[in-house]
Amino acid sequence: MTETLPRIGVLGIMQPLYDDMIPGITEHQAAYARRVAESLEPVAECVTSDPVRSRDDAERAMREFENAGLDGVLVVMLTYGPSLRVTRVFRELRLPVCLANIQPDPAVSPEWDMDDMTYNQGIHGAQDTANAMVRAGVAFDVVTEEWPSGAFRERVGRWARAARAATGWKRLKVGVFGYAMNGMGDARFDETALVRALGPEVVAIAPGALRRTMDELPDSEVSALMSWEDERFEIDGRLSGEERADHARMQLGIERLLTEHGCRAYSTHFDAIGEDGRFDRLPMASASSLMARGYGFAGEGDVLAAAMVHAGHQLAGDGHFTEMYAMDYPSDSLLMSHMGEGNWRVARDDEPVRLIKRPLAIGNLDDPPTVLFRIKPGRATLASLVALGGERFRMVVAEGEVLDSQRLPALEMPYGQFRPDSGIRDCMDAWLRNGGTHHIVMNLGSVAAEWRVFCELTGIEFVQV
C-alpha cells in the first residue's frame, strides 16, 4: 500500500535577458514558482529549484533532483528561455518529465504593462522547450491549465503518480521463488529486454533459502504477526495454532528474503513450493497481506503481472492481483478471482475480511490459511502487460464497475464481479485481439488515464477496451 505522495522536482526556467528591464524579475518569478509548488501540496511533495537561467544552472538542478531520488521533474517556464540551454539536460535526464504550460495570470488584461507581459510569456518558452524534447526523442507529458485550478492539480497529480510508477520500475527487482509455471506462455518474456526497455529485474530465490529463513525466525515474531491478524481478520475457528504459525512463519520468511534481495515485488508458483518437499502448505495468505503492505505479487512465477501490481500500488495505492475466472452473461460481468491471493485493501468495508481454513488439492500440501473477502462495489480498472517480443510491450486496460453481486458460498477465494463499460462481449473481443494476459492487476476507481500517462512515459503501447 502506497500512502505517501509522489516526490517531484519543480524546475523553473527563465533567462537573464530581462534583468535590466525589470530589476528583481528573478525573485518575482521564483516566488511564482513557489506558489505553484505550494498549490500542488495535496497531490505531490515538491522540491523547487532556484530559477534556471543558464545551462550550468539546469545541469546543477537536475543533478540535485536525481541525487534526491525524486520521482519526476515538472518544468515551468518562468519567462521565455532558449531551449538549447537545456537540450542536453533533458536528453540525459533519467527522470520522467512533465511540461506545465502555465502562466501567473489566467487572463490578458488592458491593465497589463510590459512587466506583466514578460511575467506571463512562458508559453513561447514552452514551445521552444517542447520542440527540443521532441527532437531529442524524450517522452514527456504536457499540462495546459490555469495553475490555481483543481484541474491543474488533478492532471499534475495523475502525471506524478505515473512518474512514480515509471521511476519505480527502473529500480524494481522481482523475486521469483523457485520457477515459473511450465507452459504458461503469456507470462513469458525476454528478461534482458524487460530490463533494457522498462527496468524490472528478475531475482531467482531458492525455495531452500525460504525454508532456512523460516526456521531461523524467532517465535516472538510469529506470535506478533498472529496477534495482529487476530485484530485485523475474522479468524476461522477451524484453523489450528500450528497451521497459523506455519503460515505466519512463511509470510515473515518471504518478506525477510525480499528485503535482503531488495525486491519490492515477487511471485511464487504452487508446483515450485509443493514439489520442493520441505513445505507443508502454500503461502496463500502471505500473498494477500504482503500485497496489502505494498509488494507487487503474482502467482505462477508471473514477473510481468507482479510488476504490474507494483505499478498499480504506485498509481492508485491498492494494486490487486486477480484474473478473469468466468463470464456471467445475465449481469454482463466477469467473475474476477485467483487461486486464493488478493489484496484485502480492496475488500468491501461492510463485511469482515476472514482468515479461513481452506482445503486445496493444488500443490498436494496441507490446507493453506487463506484470506477471503469480496471486492468493494464501485468503479474499478483492469490492466494487463503484454510482451510482444523484444522490447515491445502493450498494455490492455478496461474500466468498469465492480457489482454489488451475489454471494458465491463455494468460492473460498477473494472475488468480485466486474462489468466492463464496453460490456463483456466487446471488452473480451478486444482484450483477446490485443493479446491481453490472463493475470491482471485491478485497482479500485477509474485509473485508465493514469495508465495511459504511465505508458506515454515508458514507451508502452496503450490500448483501452
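# A tour of the domains and their contacts

Begin by selecting residues 319-461, where the chain is 15% helix and 38% strand, with its end C-alpha atoms 21 Å apart; here helices (H or I, at least four residues) and strands (E, at least two) are DSSP runs, numbered from the N terminus. The model on your screen is predicted, so that local features need pLDDT of at least 70 and side-chain atom pairs count only at pLDDT 80 or more, while totals for chains, interfaces and linings use all residues. Residues are numbered from 1 along each chain as its sequence is written, and side-chain values use heavy atoms, with hydrogens and water left out.

UniProt, in an unreviewed entry, gives the span you have selected, residues 319-461, the feature "domain: L-arabinose isomerase C-terminal"; such positions follow the numbering used here, feature names are shortened, and annotations may be inferred rather than shown by experiment.

Select residues 177-315 next, which UniProt (unreviewed entry) records as "domain: L-arabinose isomerase central". This span of residues 177-315 is 57% helix and 12% strand, and its end C-alpha atoms lie 26 Å apart. Then move to residues 15-167, for which the UniProt annotation (unreviewed entry) reads "domain: L-arabinose isomerase N-terminal"; over residues 15-167 the chain is 47% helix and 13% strand, with 30 Å between the end C-alpha atoms.

Now colour the protein by its domain assignment, which gives domain 1 (7-170) and domain 2 (173-464), bounds that come from an automatic or database domain assignment. Taken over C-alpha atoms, the centres of domain 1 and domain 2 are 38 Å apart. Where the two meet, 16 residues from domain 1 and 18 residues from domain 2 take part in the contact, contact meaning heavy atoms within 4.5 Å.

How much area is buried between domain 1 and domain 2? The value is about 1400 Å², of which carbon and sulfur atoms give 69%; buried area is the accessible area (1.4 Å probe) that two parts lose on being put together, summed over both.

Stay at this interface and show side chains, where the count between domain 1 and domain 2 is two salt bridges, each being a side-chain nitrogen of Lys or Arg within 4 Å of a carboxyl oxygen of Asp or Glu. Select Glu450 and Arg161, which form a salt bridge whose closest N and O atoms are 2.9 Å apart. On the side of domain 1 that touches domain 2, the elements giving two or more residues are strand E5 (140-144) and helix H6 (150-171), and H6 gives the largest share, eleven residues.

For another salt bridge, select Glu45 and Arg7, whose side chains meet at 3.6 Å, N to O. This pair links distant parts of the chain, since Glu45 is in strand E2 (residues 45-48) and Arg7 in strand E1 (residues 7-13), 38 residues apart.

Finish at Lys357, in the loop between strand E14 (354-356) and strand E15 (370-372). Leaving aside its neighbours within four places in sequence, Lys357 is in contact with Asp236, Arg238, Leu239, Glu243 and Asp367.
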